[in-house]
Amino acid sequence: MSDFSLVILFASVLATAAPLIIAALGETITEKAGVINLSLDGSLLLAAMIGFMVSYETGSLIMGFAAAALTGALVAIVVGIFGIYLGLLQVAVGFALTLMCKDLAYFLGNPYSRLQGPQMLSVKIPLLSDIPFLGPVLFQQPLMVYLALLLIAAVWWYLFRTERGLELRAVGENPEAAYTRGIDPRRKQLLYTAIGGALIGIAGAAYSLGIKPGWGRPQGIEGLGWIALAIVIFGGWHPLKVALGAYLFAFLQVIGITLQGVWPSVPAQVFQVAPFPLMIFALVMINLLQRESVQGWVSAHPLLQTLIRQLQCSPPRALGKSYRPD
Amino acid sequence: MQVEFQQIHKQFGPVQALCGIDMRVESGTIHGLVGENGAGKSTLMKILTGYLTKTGGRILLDGVEVDCSDPQTAAAQGIGMLYQEPQDFPSLNVLDNFIVGRDSVAGLDRTAQRQRLGKLAERVHFSLHLSAVLEKLTIGERQQLEFLRLLGRDARVLILDEPTTGISDQQKALLFQALRQIRDEWRTIILVSHKLEEVEALCDRVTILRHGLVTGEAEAPFKVAELLSMMFDKPPSIERTEHDYQPGEEILRFSGVSANGERVGLSDCNVTINRGDIVGLAGLSGSGQGVFLRLAAGLLHARVGDLIFSGAALNRLGHREFREKGGVFLPSDRLHEGLIPGFTLRDHFALASGLSSAAAQQAAEQAIQRFHIRGTPETLAESLSGGNQQRLQLALIQANAQLVLLESPTRGLDVESGQKIWRYLRETFSGRGAIVFSSAELDEILAVANRVLVFFDGRVVRDLRADELDYEHIASAMTGK
């Protein structure tokens, strides 16, 4: 492969992964606080539509993103109120919302189908973008790519280096204990569900205003919400590993498109679908490696053992269980 | 700081848990709060920490009425509690567990916090590995950490709820030493316990609760018999059934059995149960009786030791084989562990004996008549009252049963229903097998059993035969005396 196509390959991996990372990090924050927002796939689509619609009508990308973030937050707040405060099954509420948001997006978005709307352009960072190879890969990207990179660091910092982040994790671990220490677990959970939802909304707009510009049915991002949910698990609820998972998935997607040109005889659908089973396969492998029977075998290989220990993780202990005060 | 409770009431739904508690705790003392399970000790303390809200009454600190309506305000008044179940975060490390909380002092400066924790630990001679993840620690170590956290937060009233459950003797000694040290710094300590030896060793003064009321107070040195009589109901003149007790051949044997479960587990249990035995398992709840029954029923497995049931090693068997060999276990959570809430009576009979629907209908009708169950074959188990659920459980026992294990069989039933159940059990099973039951009511055990095993802290501390059964003796063994 020539130098030039490697540049394109890496640049498109970064770009394809960006919205996925934002959505997955949003869900990570929510789940770290102990709430499952299963509406992700639907609210991603709804936010993509609203984002496109608003920026088409106003001509402002910022307005579009703001509206999308608000949409994501509102859907998440519905999950929060029903799940956290009214004690309904979070998974059930989220799932119902997924279906509803999807239909709502298609219905409301119908008039905006196949229209040419505003679109995010790549931002060239002066000087840095002139560096050979790295320049075009890292510094000639849509704003979203930079935002995603910043967000990885920011979420990590917030979760592990701030007191509020420690409280967030504590609530997801044992809300009752958090309550005895003067933290209101339900308020925290609602807050982080809303923030996570807003990020999901931004991710939706990042698709419709950048990565897959425009609106239509199908939009082409259906199912990516479920991938984002899987990536959160894949990444063990750790922002850095979650980002890594998103890049891996984006890489599989991009390489699929590239290979399509190399082997034109293979049906295109194979390459489109391949990343999904490969992602599942990766999840299965990680799970298998944590089995006790495999652990014995692994302990003979120190390098592998270190790797597996890095991948090992357990979900936040109170995940999906609504806290009820006495 | 002096703590005073005035007429504290607490109601859970229809249940009156505390009915007007008056109690005063002086500064610089260790004050014991003793009583049976369910006497209201923990409820009263959780009201002080703001974890529960009181239905009525006043709390005064140093003579001034205070508001303890949530944990944060209570903590701000200097009240801290070491809960019976550790209130911490197992997947976080020791240091982060120390830091987290709105009541913390110095924020997230991990270096500074590490030093603070180190100093605190040194002061009371605890040693903790600060970067270890909490779930790798023992209960005792987790408790030490929580203790240090409360100290560091400068709690002036320190409440400890059953602090010695599940910790090692060494950790206990360290804790006691630390408590005395803290007291001498003029802080107030309230020790909630049902272990009288600990109360004797530590407390300056003690208040006794029973059924949500203060039944007495005492100053050190304590008279154990006096405390016991205030803790437990007076033994009424029990109509004891005369037992012509002749142990038959062995049915069940525990030899050197240790197992985990219910926090205290079961340690080194050696017991043989013979045909004709009606064994009462006495002890404060959660002292190992539940583990004993579940081991015998093949629902739990022993860590070490052997269990022989009808000549077969139960270690390798499960509950299914236990039932096939003639064993029955009726758990105290009748509806969820014993029955299937959404199944009708007829479904239960069909499931228990593999009967066809018509035959099960008939079996259900017969059982309803015979056991006076208030319901029809179509009634759901969940809509039966507690007593009827228990009668249904009894009706479902297979005919060949020779070992009947019952966990709190008459809990929540009125006296008459309880007596009927016992009459049935004795008539049906005492001739051809053995009955083993646990009960929170000592009276029931004394009235029914011809043999009593007393549990304390996961051990069988007494094995008494019919002629040795004595109320005071059992009650003091239950509290570790």
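Modeller: A residue is buried if 20 or more other C-beta atoms lie within 10 Å of its own, with C-beta atoms placed from the backbone. The model here is predicted.

Biologist: How many of the 11 residues of helix α7 of chain A are buried?
Modeller: Helix α7 of chain A covers residues 163-173. The buried ones include L166(A), L168(A), A170(A) and V171(A).

Biologist: Turn to chain B. Which strands stand at the edges of its open sheet of 6 strands?
Modeller: The order is β16-β17-β18-β13-β19-β20 in chain B, with mixed pairing. An edge strand has a single partner strand, so one side of it is left without a neighbour in the sheet. That applies to β16 (327-330) and β20 (459-465) of chain B.

Biologist: What does the twist average from one strand to the next?
Modeller: The value is for the open sheet with the order β16-β17-β18-β13-β19-β20 in chain B. From one strand to the next, the twist averages 15°.

Biologist: Which residue in β20(B) is the bridge partner of F455(B)?
Modeller: Strand β19 of chain B spans residues 451-456. It runs antiparallel to β20(B), and 6 bridges join the two. In β20(B), the bridge partner of F455(B) is V460(B).

Biologist: Which helix packs on the sheet, touching β13, β19 and β20 of chain B?
Modeller: The helix spans residues 471-478 of chain B. Its direction makes about 25° with that of β19(B). The helix is α17 of chain B.

Biologist: How is α4(B) oriented to α5(B), roughly parallel or roughly perpendicular?
Modeller: Helix α4 has residues 110-123 and helix α5 has residues 139-152, both in chain B. Their axes come within 10 Å and cross at roughly 105°. Angles of 65 to 115 degrees count as roughly perpendicular. That makes α4(B), relative to α5(B), roughly perpendicular.

Biologist: How do the residues of the contact of α4(B) with α5(B) divide by class?
Modeller: From α4(B) come R116(B), L117(B), L120(B) and A121(B). They meet L148(B), L151(B) and G152(B) in α5(B). The division is 5 nonpolar, 1 polar and 1 charged.

Biologist: Which element gives the most to the side of chain B that touches chain A?
Modeller: In this contact, 19 residues of chain B meet 18 residues of chain A. The chain B side has 10 nonpolar, 5 polar and 4 charged residues. Two or more residues come from each of α2 (71-76) and α3 (94-99) of chain B. With 3 residues, the element that gives the most is α2(B).

Conventions. Residues are numbered from 1 along each chain as its sequence is written. Chains are lettered from A and ligands numbered from 1 in the order in which they are written. This is a predicted model: local features need pLDDT of at least 70, side-chain atom pairs count only at pLDDT 80 or more; totals for chains, interfaces and linings use all residues. Two strands pair if DSSP finds at least two bridges between them. Helices (H or I, at least four residues) and strands (E, at least two) are DSSP runs, numbered from the N terminus. Axes are lines fitted to C-alpha atoms, for helices over the stretch in contact, and angles run from 0 to 180 degrees between N-to-C directions. Two residues are in contact if their C-beta atoms, placed from the backbone, lie within 7 Å. Angles under 35 degrees count as roughly parallel, over 145 as roughly antiparallel, 65 to 115 as roughly perpendicular and the rest as oblique. Ala, Val, Leu, Ile, Met, Phe, Trp, Tyr, Cys and Pro count as nonpolar, Asp, Glu, Lys and Arg as charged, and the others, Gly among them, as polar. A residue is buried if 20 or more other C-beta atoms lie within 10 Å of its own, exposed if 12 or fewer, and partly exposed in between; C-beta atoms are placed from the backbone.
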